[in-house]
Amino acid sequence: MRYTYKGKDYPKDLNIKHQEVFTTLSKDPLDITRREFDHLFDIPTEEFCADEEQLILWELGKQWGKSAEQLESDTTVNHFIIRNTLITLLTSYSFSSFDVVLEVLRQSEDIIRFNLPDYNGFTYILPILSIVFEYEPKQLEQFLLEEGLTDYSKRIVADLLARMGCDTETKTEAYNKKVHDELSGIFSRVLDAYISDYPTGNICDKYVVSHVVKAIVNAGLKELSEQLKTVYSKDMVDKKICGELDTNLSVMKDLGCADLNYIETGIYPLMFLPTYLIWDNADNPDFGEQYM
């Protein structure tokens, strides 16, 4: 599995209707005042959304093709813009925003990490990905099957899907069943595709398969046990990541879904609170590796 994504025709110039969108969202969150943040939401929603999408794509265009070292030394790029805009999109998105959000994850791992550092398993794209799952789960499935992307980006999506299956306490039984069935279908189709693809490695590798297995176990999708047995029997997993098969089957049977961190989707805590206050405890360490 190699990173071969060619990018898009990103805008060379920033053509937005409301200049304050750039002025505010390009700042370090510590320097954004409540007043100027609130003012953004006085902008008509469709216009605000269009400006946000344009801002993300423009910033990606400036960063395209650069290594971690080049990004750190380049004064023309900004590692706050994408993080901040992914937060404000939570209340202003349209369905067209979902492909823009996934475009962030189509970048190289260096670019993803530059904009979205990993805080013990949390990145600032998870909240808006939960919205994508709510309305267009097929887009996340297609992302896991897309060729030429990084294994790191597919790990982020697989982890998000697992968390969707673990957030059951505040939801109705009917809703939880709907989510469970959706996840079961997605991961079943993804595993079938990975099993077929594995000899060539166009859409998956051992790292990706291992994180998908880990997500399936975390989400308690015990109906996929036979497919899990297949990927283990074909030596498609790294047990340091996803653990032993027998342990995983037992966990799903006895415990159901794992106890994973809740994904905050409130724009004010996400923008202004320290990360440890919105992601304050380690995930269930029952099996496999843990984020360090």
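## Salt bridges

A salt bridge is a side-chain nitrogen of Lys or Arg within 4 Å of a carboxyl oxygen of Asp or Glu. By this rule, the count is 18 salt bridges. This is a predicted model: local features need pLDDT of at least 70, side-chain atom pairs count only at pLDDT 80 or more, and totals for chains, interfaces and linings use all residues. Residues are numbered from 1 along each chain as its sequence is written, and side-chain values use heavy atoms, with hydrogens and water left out.

Lys138 pairs with Glu141 in a salt bridge, with the closest N and O atoms 3.4 Å apart. Both sit in helix H9, three residues apart, so about one helical turn separates them. (Helices are DSSP runs of H or I, at least four residues; strands are runs of E, at least two; numbering starts at the N terminus.) Glu141 is buried, at 3% relative accessible area. Lys138 is partly exposed, at 42%. Buried means under 20% relative accessible area, exposed over 50%, and partly exposed in between (1.4 Å probe, protein chains only).

## A linked network

Lys8, Asp99, Glu103, Arg106 and Glu146 are linked in a network of salt bridges.

Arg106 is in the loop between H6 and helix H7 (109-115), while Glu146 is in the loop between helix H9 (137-144) and helix H10 (151-166). Arg106 is buried, with a relative accessible area of 9%. Glu146 is partly exposed, at 22%.

## Helix H13

Helix H13 spans residues 225-233. Its buried residues are Ser225, Gln227, Leu228, Val231 and Tyr232. The face turned away carries the exposed residues Glu226 and Ser233.

The buried residues pack against helices H11 (173-197), H12 (206-218), H14 (239-242) and H15 (245-255), where contact means heavy atoms within 4.5 Å. Just after H13, Asp235 takes a positive phi of about 55°.

## Cysteines

The whole structure has zero disulfides, a disulfide being a pair of cysteine sulfur atoms within 2.5 Å. The sulfur of Cys166 is 4.7 Å from the closest cysteine sulfur, in Cys257, too far for a bond. Cys166 is buried, at 11% relative accessible area. Cys257 is partly exposed, at 27%.
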